[in-house]
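Hi,

Here is the structure I promised to send over. Have a look at it first, and then read on for my notes.

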Amino acid sequence: MRRLLKACLISLFFALSIGPVHAQDGEGPYVQLRLVPEGVLKPGGEIYVAIEQSIAPGWHTYWKNPGDSGAAPRIQWSMPDGFQAGDIEWPVPHKLPYGPLLNYGYEDGVILLQKIHAPAELPEGPVTLTAGIDVLVCKEICIPESGTYTITLNGPDSSNADNSSYFENARGKMPMPNSSPATYAEQNGIFVIDMPVTWSQGVKRYDYIPAEWGMVENTAPSEITIEGGRLTIKQQRGQRALNEVSAVPGLLLWSMEDSGPMNAYEFTAALSANPPAATPVPAPGTPTSQSLVVALFLALLGGLILNLMPCVFPVLSIKALGLVKIAEKEPARARLHGLAYTAGVILSFLIIAGLLIALKSGGAQIGWGFQLQSPEIVTVLAWLFFIIGLNLSGIFEIGGHLGNVGNKLTQGNTPGHSFFTGALATIVATPCTAPFMGVALGFALTQAPFINLLVFAVLGFGLALPYLALSFIPALQKILPTPGAWMHTFKQLLAFPMYASAAWLIWVLSQQSGQMGVFAALMGLVFIAFGIWLLRHEPAALLWKNIVRVFAVLSFLAALIMIPGGTQKPEEAMTFGEEWSPQKLSQILEGGDAAFVEMTAAWCITCKVNHAVAIDTPSTRRLFADKGVKYLIGDWTNQNPEITEYLNGFGRNGVPIYVYYGPRSNGERPAPVILPQILTPGIVAKAVTGN
């Protein structure tokens, strides 16, 4: 996307430039232009005009497909009535690498040819044609140069001019036409061109240059093979949709020498009526192979383990603190709280499942944790954790007022408070995918709605089970410490996991909405803190008290206005591995190398821990380097339908997922291996080495 943006910005700057633009310090222009006629123009005839570019050393101009950046020259003719200019005929370009980009263009000099058609009746005497020419010339910087140039045909000296060798040399640099019936198609994210050949004997080198922008990833290598009299070109797909073009022109370069210049055939490929069949990536352990009983058991285990996840533990600790107060003296009330908490968890899971079913039925490519892909929800959760942390720290304790929101939501003495705590535990659990849970969710989301809801309900029951058991079983309640003064200190201590959770969610927001999103969320925290401060300092007089409350409400409303919206692609520096894409994975799998795919998200704590302790470590880095393992990372922080489709292909509906594709052996590649959702360096090493 950055390449596309750069290309658009350069092209826009070029298009808006008016008049000749020169380099700094008075240097330039860097392209000297002149027009050269081929000969005498006759009535009703045609003549070629050469547009010659003399390019300064180290600088370059562009071909009709400039590649990842740049812009092709533009020529606008002003001619007498009846004259017409044909299409520009382009010499074979050079590949011009520039950092992570690859462009197509010319260095030193180039001659473009254009045919001029004359009317049946020519005016007497010389004929003057005028061309407005814009050229983008680049080195470390790009400078648009433009000017107006004239050419006089049928002048006094035209009959004596002999430019035949000049034009013969120019035509010698043009690609040769090839009328072979070429076709194109897409296969697993790879652009494939197929054509018959009869002249391949003795050819040592091939190359391919696309004449249409965006059809292939320019920096990706071309794989050109010949078998059974047919030549096949394969290259990673670009950003442009196939349905945007009716035919795809291109250049096939070839040489019978190991080095030096190459010859070129110009061809046009039509859309294949019989595209090659996609090579399916096997997905072992697909959800249909799991029985309902196994899926329910795995969901229960996954829910139980969620209680140990760092995103759930702070909320669960708050509820356990309340249970300490009532378990011994009011066992019936403790049981009621346990049931309310369980109901809040299960109902919240069912609501999430219902939303998933509805959205997926409508065509949305989403999965477990989809709500954390919304900057709005992430912001509100961060504020909620911040408010609860303030309450636990003792910043506000105003009974019956809005300022007591943290206490009212999570620490009250009614079953309703326990119900809300269960709902909150469910919401903050969604960034985590516990062991056994991924397979169960993958199974659920491929079944009928009733089965789907049943699996989610059991998952919620597993999350609620430890607290429910503590509420009902006196023997387990003895594990809890005796109530005392320590509880006040412990309550304040629990504020810090809340603050840490709020800070983590703000970091997640930075990956979703960038710096402005973070600024908006932090300003929201300021407004919330100011509103709470106002409520803590209410005056005694009723009039002023009401005025202060109005301002407090306005402050809270101001916070809501600050909620950021919209997402952006995370720009986290990738020091290890490459960004995953279906095209890049397909390219690796078509070769012989091994591949390791990690699907992650900024809001997935499990993902971050696994990456830090098992993947981005010196031992794993050395292992991947020694074994030639290509490491690809897919980021699901924001919605990405391609990643969702990949997860679904393995019967999963959330991250993390780790897949190892072993290297080819005797032409065959083993089935991919799905690693556990809790990783160690040893587990990764065993998958790669097989022992």
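How many disulfides does the count come to? The answer is one disulfide. Please keep in mind throughout that this is a predicted model.

**The disulfide**

The link joins Cys-138 and Cys-142, with the sulfur atoms 2.1 Å apart. Its angle about the S-S bond is 115°, and the link is right-handed.

**The four-strand sheet**

Next comes an open sheet of four strands, in the order β1-β2-β8-β5, with antiparallel pairing. The edges are taken by β1 (31–37) and β5 (84–89); each has a single partner strand, so one side of each has no neighbour in the sheet. On average, neighbouring strands here are turned by 25° against each other, direction ignored.

Going through the sheet pair by pair:

- β1 and β2 run antiparallel and are joined by seven bridges; Leu-35 stands opposite Ile-51 in β2.
- β2 and β8 are also antiparallel, with nine bridges between them; Glu-52 has Ile-111 in β8 as its bridge partner.
- β8 (residues 109–117) pairs with β5 over four bridges, again in the antiparallel sense; here Ala-85 has Ile-116 in β8 as its bridge partner.

As a reminder, strands of a sheet pair through backbone hydrogen bonds, either parallel or antiparallel.

Is β2 mostly covered or mostly open? It is mostly covered, with eight of its ten residues buried. Helix α2 (residues 164–171) lies across β1, β2 (46–55) and β8, and runs at about 70° to β2. There is also a charge over a ring to look at: Arg-171 lies over the face of Tyr-48, at 4.8 Å from the ring centre.

Asp-108 is not a glycine, yet it has a positive phi of about 70°. Asp-108 is placed in the loop between β7 (101–107) and β8, and at 58% relative accessibility it counts as exposed.

**The five-strand sheet**

The other sheet I looked at is open too, and has five strands in the order β19-β21-β20-β22-β23, with mixed pairing. Its edge strands are β19 (578–579) and β23 (673–674); each has a single partner strand, so one side of each is left without a neighbour in the sheet. β19 runs parallel to β21 (residues 629–635), and two bridges join them. Within that pairing, Glu-579 has Ile-633 in β21 as its bridge partner. Helix α18 (residues 641–649) packs on this sheet and touches β20, β21 and β22 (657–661), with its direction at about 110° to that of β20.

**Aromatic pairs**

The structure holds 17 aromatic pairs. Why does the pair of Phe-530 and Trp-533 count as stacked? The ring centres are 6.0 Å apart and the planes are at 15°, so the pair is stacked, since planes under 30 degrees apart count that way. Both residues lie in helix α13 (residues 495–536), three residues apart, about one turn of the helix. Phe-530 is partly exposed at 42% relative accessibility, and Trp-533 is partly exposed at 45%.

Phe-596 and Phe-624 form a tilted pair, with 5.3 Å from centre to centre and 45° between the planes. Phe-596 belongs to strand β20 (residues 594–600) and Phe-624 to helix α17 (residues 618–627), so this pair ties together parts that are 28 residues apart in sequence. Both of these phenylalanines are buried. They also belong to one aromatic cluster, made up of Phe-576, Phe-596, Phe-624, Tyr-631 and Tyr-658. Of these residues, Phe-596 brings us back to the five-strand sheet, as it lies in β20, one of the strands in that sheet.

Happy viewing, and best wishes

Note on methods. Residues numbered from 1 in each chain as written. Predicted model: local features only at pLDDT ≥ 70, side-chain atom pairs only at ≥ 80, totals over all residues. Heavy atoms only, no water. Phe/Tyr/Trp six-rings, centres within 6.5 Å; stacked < 30°, edge-to-face > 60°. Buried < 20%, exposed > 50% of the residue type's maximum accessible area, 1.4 Å probe, protein only. Lys NZ or Arg CZ within 6 Å of the ring centre and 35° of its normal. Pairing = 2+ DSSP bridges. Axes fitted to C-alpha atoms, helices over the stretch in contact; angles between N-to-C directions. Contact = heavy atoms within 4.5 Å. Disulfide = S-S within 2.5 Å.
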